Amino acid sequence: MNAKEFNKYKTALYKKYGAVLTDLSHEVKVLTPFGTLYISAEWSPKIKVANIHSRLEGNVNKFVEVTGFEVNKYNNKYNFYFSSPLDCLDELEKYLFNISGEKE
């Protein structure tokens with residue numbers, strides 16, 4: 001998978017979960033039951049690393065309690081790193097689903 005294909009799928013996931021572009025071209029924001037979550041996801045084929053960076057402005061304690069994610073309480077960030085872009089996209093979808101407050 002190249003970076004262009006990764007970005008196409010990432011954008012589709014953002015739209016599916018109602019993410020909105022921010023002033024930063026690589027970042028979106030998602031309104032969650034816990035507050036506003038800022039997310040960026042990237043795939044760098046040259047160095048073979050995919051990542052999801054996120055930062056929550058809101059109720060971090062409730063976010064941790066409900067999602068189980070261990071947020072850095074110093075800067076309210078939670079980041080993921082992958083060697084596979086497909087694994088990154090799968091995790092991005094799971095993450096967006098979990099933070100949206102939707103139930104299966």
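**Figure 1. Lysine 16 and its salt-bridge partner in a predicted model.** Lysine 16 is exposed, because its relative accessibility is 55% (buried means under 20% relative accessible area, exposed over 50%, and partly exposed in between, with a 1.4 Å probe and protein chains only). A salt bridge joins lysine 16 to glutamate 93, with 2.7 Å between the closest N and O atoms; the term denotes a side-chain nitrogen of Lys or Arg within 4 Å of a carboxyl oxygen of Asp or Glu. This pair links distant parts of the chain, since lysine 16 belongs to helix 1 (residues 3–16) and glutamate 93 to helix 3 (residues 85–100), 77 residues apart. Helices (H or I, at least four residues) and strands (E, at least two) are DSSP runs, numbered from the N terminus. Glutamate 93 is partly exposed, at 28% relative accessibility. The model is predicted, so local features need pLDDT of at least 70 and side-chain atom pairs count only at pLDDT 80 or more, whereas totals for chains, interfaces and linings use all residues. Residues are numbered from 1 along each chain as its sequence is written, and side-chain values use heavy atoms, with hydrogens and water left out.

**Figure 2. The salt bridge between arginine 55 and glutamate 57.** The side chains of these two residues meet at 2.9 Å, N to O. Arginine 55 counts as partly exposed, with 25% relative accessibility. Glutamate 57 is also partly exposed, at 43%.

Figure 3. Glutamate 65 pairs with lysine 62, and their closest N and O atoms lie 3.5 Å apart. About one helical turn separates the two residues, because they are 3 residues apart in helix 2 (residues 60–67). Glutamate 65 is exposed, with a relative accessible area of 59%, while lysine 62 is partly exposed at 37% relative accessibility.

**Figure 4. The setting of the close-up views.** The count of salt bridges comes to 3. The protein contains 3 helices and 5 strands, which follow the pattern α-β-β-β-β-α-β-α along the sequence. Of its 104 residues, 40% are buried. Its C-alpha atoms fill a box of roughly 35 × 30 × 25 Å along the principal axes. Among contacts (heavy atoms within 4.5 Å) between residues at least 6 apart in sequence, 51% join residues at least 24 apart.
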